[in-house]
Amino acid sequence: MNASVPLPAAASILVAEDQADIRDLLVMNLRNAGYQVTAVADGSTALAQQIAQPRELLVLDLMMPGLDGLEVCKALRARGSAAPILMLTAKSTELDRVLGLELGADDYLTKPFSLAELLARVKALLRRAELLRAAQAHAPAAASLIRNGELEIQPAKRLVRYRGVSIDFTALEFDLLLHFASHPGLVFSRAQLLDAVWGYSHDGYEHTVTTHINRLRAKLETDPMRPEIILTARGAGYKMREP
């Protein structure tokens, strides 16, 4: 990631967490880090607040009264919101549910988590969003097209077509696909992909890369169990086929 791109002076964050002690701790630490923070205690209020006054990033607890974090995430993505979403989960079964659904969350943390790690994730997500805005603002009208067989990617417009059909990807899925497409044939470990695409590398979270690889394959491959585009290099990582 390009560390020279500054973050907004006071990025706005919406925190939705029904446990008051955790909510207060999140608010205190995020404000101490220089962010503008609004906090709510349920998913319905979070959705209404984000629609009425969009924040630059959301921190959503998975299990909340009313709408849960997944439902809030799904509703916002259906409305076209691209604001980064960090999901907080408490149990492994909940984590599996988050990773198994394509609802558009950008990252997740399992409870209990360190506040230092939370702040690192927030900073990385905001940096990615800022880099994307900068790239779109300065992209040439006729952006370069990346082709790999019948796969076509327009980076500036963030559009993907495969066999002539447009395919929708979440922000992280697109960034991961673009990283592979920009380096066809090169093998990347999960730790390298975390660092390059997510903006951090943290032990124990490499399986989020595997989940996103599976999502790419589900959307691109004729048979995801026998991939022909995003390939596994056994014991080393993943790569995109060479054109």
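Biologist: Which residue just after α3 takes a positive phi?
Modeller: That is G80, whose phi is about 90°; helices here are DSSP runs of H or I with at least four residues, strands are runs of E with at least two, and both are numbered from the N terminus. This is a predicted model in which local features need pLDDT of at least 70 and side-chain atom pairs count only at pLDDT 80 or more, while totals for chains, interfaces and linings use all residues. Residues are numbered from 1 along each chain as its sequence is written, and side-chain values use heavy atoms, with hydrogens and water left out.

Biologist: And at the other end, what caps the N-terminal end of α3?
Modeller: D68 does, with a side-chain oxygen 3.1 Å from the backbone nitrogen of L70.

Biologist: Which residues of α3 are buried?
Modeller: In α3, which spans residues 69-78, the buried ones are G69, L70, V72, C73 and L76, where buried means under 20% relative accessible area, exposed over 50% and partly exposed in between, with a 1.4 Å probe and protein chains only. They lie on the same side of α3 because they cover an arc of only 160° around the axis, the arc being taken from the directions from the helix axis to the C-beta atoms. The face turned away from that buried side carries the exposed residues K74 and A78.

Biologist: What about α7, which residues are buried there?
Modeller: L193, L194, V197 and W198 are buried in α7. Seen down the axis, they fall within an arc of 105°, so they line one face of the helix. Just after α7, G199 takes a positive phi of about 95°.

Biologist: Switching to the largest nonpolar core, which members touch the most others?
Modeller: Of its 27 residues, L151, I153, L177 and F180 touch the most other members; such a core is a set of buried Ala, Val, Leu, Ile, Met, Phe, Trp, Tyr and Cys residues joined through side-chain atoms within 4.5 Å. Elements that each supply at least two residues include β7 (151-154), α6 (171-182) and α8 (207-220), and the largest share, seven residues, comes from α6. In soluble globular proteins, nonpolar side chains tend to be buried together.

Biologist: What is L151 in contact with, beyond its neighbours within four places in sequence?
Modeller: Counting heavy atoms within 4.5 Å as contact, L151 meets I146, V160, R161, Y162, L177, L220, I229 and M240.

Biologist: How many aromatic pairs does the structure hold?
Modeller: There is one, where rings of Phe, Tyr and Trp (its six-membered ring) pair if their centres lie within 6.5 Å, and planes under 30 degrees apart count as stacked, over 60 as edge-to-face and the rest as tilted. The partners are F180 and F188, with ring centres 6.4 Å apart and planes at 70°, so the pair is edge-to-face.

Biologist: Is F188 buried or exposed?
Modeller: F188 counts as buried, at 13% relative accessibility, and F180 is buried too, at 0%.

Biologist: One polar question: which side chains does R121 make polar contacts with?
Modeller: R121, which lies in α5 (residues 115-138), makes one with the side chain of D107 at 3.2 Å and one with the side chain of E117 at 2.7 Å. A polar contact is a pair of N or O atoms within 3.5 Å; within protein, one must be able to donate a hydrogen and the other to accept it, and residues adjacent in sequence count only if both atoms are side-chain atoms. R121 is buried, with a relative accessible area of 2%.
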